[in-house]
Amino acid sequence: MKKKAYLGIDIGSISTKGVIINEENEFLAESYLWTEGNPTEATRQVLHALREQLDGEQYQIVSAGTTGSARKLVGSLIGAQVVKNEITAHAVGTTTLHLDVRTILEIGGQDSKIICVENGVAVDYAMNTLCAAGTGAFLSSQAHRLGIQVEEFGEIALKAKKAAPIAARCTVFAESDLVQKIVAPVVFQGGVSKNAGVVHMFEEELGMPVLVDEKGHLMGAFGIAILTKEQRCEKEFSFDIADTEFKTREITCGKCANHCEIICVYRDGLLIDSWGNRCDNGAVRQQKEQMGK
């Protein structure tokens, strides 16, 4: 009899991450790649990579979960049993590996987050939603402008004799009231956590050590995999989904003044899910779409 395994996928604006864990929360497979504006294709590629790593003779995935900005879309594609926001997923993943963590800093492709933890439970959080200053997308664009690899950006920055003047300072961590909430131990995660220069500046600004976990860029996927394991709503997952053709279509409902933009997801030409309506009129439109009317 095969051992149980659990799949977690974190679909961000810049990168898509996937992990498979066992009952003991050990990593069996992992994948990290660029989303490139196409979460559907990125998910397919992540699943292909995970399939190659997983020992299918020993393990069977019995449930799956999704998190991140495209969690609803990808959740529909793969038939996920659990779909949760990234705050919850990152908190669960980090507190599983670091039981005493009090503050989680996470910087992804287009947003930054701070999560306050007490006794292993997230009790408060804040994130920037209107500004991408200091995020992965900003760092990648600046590295491209300078003609260097983004992976080299941090090490080069640490060699600077003095900081370059910047016209404005805009980041979620700049506000003094948020900085005062930061309590050690601090764990920094997300793709930007691999930038040594950013880690150094956090430690200098906060006046305390900042831990970067080796798996920090995978914490969202790891956390949602744990959550789907704990849900115990099991259904065998097939990697054949990675070879299925998916398409999305956006329609505008004109049944009321809201004019909701409804996202429809099709698998092999059949509607499998849709969302975006803010009233029942939109649900009727979705039903008609499914019936081909």
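Q: Which strands does helix 7 lie across, and how does helix 7 run relative to strand 10?
A: In this predicted model, helix 7 (residues 196–206) lies across strand 6, strand 9 and strand 10, and its direction is at about 155° to that of strand 10. Since contact means heavy atoms within 4.5 Å, the angle refers to the axis of the helix over the stretch in contact.

Q: Why are strand 8 and strand 10 said to stand at the edges of their sheet?
A: The open, mixed sheet has 5 strands in the order 8-7-6-9-10. Strand 8 (121–127) and strand 10 (210–212) each have a single partner strand, and therefore one side of each is without a neighbour in the sheet. Neighbouring strands here are turned by 25° against each other on average, direction ignored.

Q: How do you know that strand 12 pairs with both strand 11 and strand 13?
A: The cut-off is again at least two bridges: strand 12 (residues 261–267) has 7 bridges with strand 11 (residues 246–252) and 5 with strand 13 (residues 270–275), so both count as pairs, each antiparallel. Arg267 of strand 12 stands opposite Phe246 and also opposite Leu270 in strand 13.

Q: Which residue in the hairpin of strand 12 and strand 13 takes a positive phi?
A: Asp268 does, with a phi near 50°, in a hairpin that has 2 residues between the strands.

Terms used: Residues are numbered from 1 along each chain as its sequence is written. This is a predicted model: local features need pLDDT of at least 70, side-chain atom pairs count only at pLDDT 80 or more; totals for chains, interfaces and linings use all residues. Side-chain values use heavy atoms; hydrogens and water are left out. Helices (H or I, at least four residues) and strands (E, at least two) are DSSP runs, numbered from the N terminus. Axes are lines fitted to C-alpha atoms, for helices over the stretch in contact, and angles run from 0 to 180 degrees between N-to-C directions.
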